[in-house]
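Here is a friendly walk through one model, in questions and answers. Each answer sets a value against its definition and then concludes.

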Amino acid sequence: MAFALKLCCILFFSILVLFPITCYGDDVFLSTRATFYGSVGTFGTPSGACGYGEYGKTVNNGEVCGVSKLYKNGTGCGACYQVRCKHPQYCNEEGTTVVVTDFAVGHDTDFVLSFQAFAKLARTNMAKLLIALGVIDAEYKRVPCQYPGNNVKVKIHEKSRYPDYLAIILLYQGGESDITAVEVYEESSKKWKAMRRAYGAVWDISSPPKGAFSFRFQVSDSAGVKWVEPKKVIPSEWKAGIIIDTAVQLT
């Protein structure tokens, strides 16, 4: 009898230990509120706080968003989230996946979706009724970004001034990774020099290295923190607007 009671106690406490793991795993959605910007037929905006420009308007077929607390001073730029509406009479069960391209607050929400993304939350023939609500109860979770056929690309920002000032943006940031640092290699000193996060996803440096030079970026994800150094280099005569394919994919 005593043995049976002891065994029951062990099983009970084992369930208690495992229960939080079951409840708070990767599939858990967190509650939020969401609204939208734009109008019928519009995509994202090229003026988002992440600094993506036209890429931020059309990436992920225009299904993008601005966030508040998830912006994380720019570290949250490029992250992907599955967002679902919690009004079953109007909304489908799948929701939509959006890419963070902007910082946005207001209406007591954390997600401000592009019009296209917001409308995709609705069930067939229910989009107008959902849009009429304006602000909705919703839920979200982080999901891997997927860009089939696209490696991480580095774009030389339009504000760059050769050869004195270099600003870059990393595009097609796959997986569930955050880019937390960027460095360039200076051959003359044999040292890596840190770039500054200017704002959002834009990194810059004054007096960049001369000639062609290597760069690397620090990636943080569930597996930890690591440096990724592409084999491609910044060309010696770089200029604003060029895009460099790193041949690297983050998964």
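**Rings, bonds and strands**

Q: How many aromatic pairs does a search of the whole structure find?
A: The search finds 11 aromatic pairs. Rings of Phe, Tyr and Trp (its six-membered ring) pair if their centres lie within 6.5 Å; planes under 30 degrees apart count as stacked, over 60 as edge-to-face and the rest as tilted. Please keep in mind that this is a predicted model, in which local features need pLDDT of at least 70, side-chain atom pairs count only at pLDDT 80 or more, and totals for chains, interfaces and linings use all residues. Residues are numbered from 1 along each chain as its sequence is written, and side-chain values use heavy atoms, with hydrogens and water left out.

Q: What makes Tyr52 and Tyr55 an edge-to-face pair?
A: Their centres are 5.2 Å apart and their planes stand at 65°, so the pair meets the limits of within 6.5 Å and over 60 degrees. Tyr55 also forms an edge-to-face pair with Tyr172, at 5.1 Å centre to centre and 85° between the planes. Tyr55 lies in helix α2 (residues 55-58) and Tyr172 in the loop between β8 (165-171) and β9 (178-186), so this pair ties together parts 117 residues apart in sequence. Helices (H or I, at least four residues) and strands (E, at least two) are DSSP runs, numbered from the N terminus. Tyr52, Tyr55, Tyr147 and Tyr172 form one aromatic cluster.

Q: Why does Tyr55 count as buried, and why does Tyr172 count as partly exposed?
A: Buried means under 20% relative accessible area, exposed over 50%, and partly exposed in between (1.4 Å probe, protein chains only). Tyr55 has 12% relative accessibility, so the residue counts as buried. Tyr172 has 21%, so this one counts as partly exposed.

Q: How do you know that the charged end of Arg84 sits over the ring of Phe29?
A: The rule asks for NZ of Lys or CZ of Arg within 6 Å of the ring centre and within 35 degrees of the ring normal. The charged end of Arg84 is 3.6 Å from the centre of the Phe29 ring and sits over it. In another case, the charged end of Arg216 sits over the ring of Trp227, 4.3 Å from its centre.

Q: What makes Cys50 and Cys77 a disulfide?
A: A disulfide is a pair of cysteine sulfur atoms within 2.5 Å. The sulfur atoms of Cys50 and Cys77 are 2.1 Å apart, so they qualify under that limit. With -90° about the S-S bond, their link is left-handed. Cys50 is in the loop between β1 (30-37) and α2, and Cys77 is in the loop between β2 (64-67) and β3, 27 residues apart. Cys50 is buried at 0%, and Cys77 is buried at 2%.

Q: What joins strand β3 to strand β6?
A: Two strands pair if DSSP finds at least two bridges between them. Six bridges join β3 (residues 80-85) to β6 (residues 136-143), and the two run antiparallel. Cys80 stands opposite Val143 in β6. The closed barrel of six strands runs β1-β5-β2-β4-β3-β6, with mixed pairing.

Q: What is the phi of Asn73, and where does Asn73 lie?
A: Asn73 has a positive phi of about 55° although it is not a glycine, and lies in the loop between β2 and β3. Most residues other than glycine have a negative phi, and most peptide bonds are trans. At 69% relative accessibility, Asn73 counts as exposed.
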